[in-house]
Amino acid sequence: MGENKNEVYLTEIQSKLPSHLYVHVPKLVSLFPQIEALVTLPKGIPDLLRKGIYFALLQSVVRLLERNTDPLLPEILPEYGELIRSVSETYSLLNPDRESNWLEECIQYGDKSAYHWEWKHFDSRELF
């Protein structure tokens with residue numbers, strides 16, 4: 001039952017996604033429920049924070065896919081929880097409103113996070 005709700009939410013926010021994320025929705029619809037099953041999304045949070053978390057998560061998954069890194073790797077999965085925690089903390093500090101660039105910032109953060117995770121788990125090992 002939970003998977004359907006998540007797919008509905010992904011469908012719901014599709015129209016609000018920037019086009020560079022929107023084009024990836026077909027891939028994300030199959031991957032995202034698997035990620036959500038393994039990552040706890042906070043309940044009862046403001047809608048703007050929920051969208052920010054989703055946008056950051058979606059962008060990080062898209063970036064990993066583009067770089068041929070499996071977003072479901074055991075090394076990567078714990079990073080999603082950290083991403084959610086960080087976005088939530090930033091939200092409570094900034095308390096952004098709908099007019100701000102909050103969602104764009106979340107997308108940027110998701111993008112940077114994916115690069116960082118790759119470096120942390122894969123590239124940094126190759127250097128040593």
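## Aromatic pairs

Across the whole structure, a search turns up 2 aromatic pairs. Rings of Phe, Tyr and Trp (its six-membered ring) pair if their centres lie within 6.5 Å; planes under 30 degrees apart are stacked, over 60 edge-to-face, the rest tilted. The rings of Tyr80 and Trp117 have centres 5.4 Å apart and planes at 90°, so this pair is edge-to-face. It links distant parts of the chain: Tyr80 sits in helix H5 and Trp117 in helix H6, 37 residues apart. Helices are DSSP runs (H or I, at least four residues), numbered from the N terminus.

## About the model

This is a predicted model: local features need pLDDT of at least 70, side-chain atom pairs count only at pLDDT 80 or more, and totals for chains, interfaces and linings use all residues. Residues are numbered from 1 along each chain as its sequence is written, and side-chain values use heavy atoms, with hydrogens and water left out.

## Helices H4 and H5

The axes of H4 (residues 47-66) and H5 (residues 77-94) come within 10 Å and cross at roughly 140°. Axes are lines fitted to C-alpha atoms over the stretch in contact, with angles from 0 to 180 degrees between N-to-C directions. Contact (heavy atoms within 4.5 Å) involves residues including Gly52 and Ala56 of H4 and Tyr80 and Leu83 of H5. By class, the contact has 12 nonpolar, 3 polar and no charged residues. Ala, Val, Leu, Ile, Met, Phe, Trp, Tyr, Cys and Pro count as nonpolar, Asp, Glu, Lys and Arg as charged, and the others as polar.

Technical notes. Helix = DSSP H or I, 4+ residues; strand = E, 2+ residues; numbered from the N terminus.
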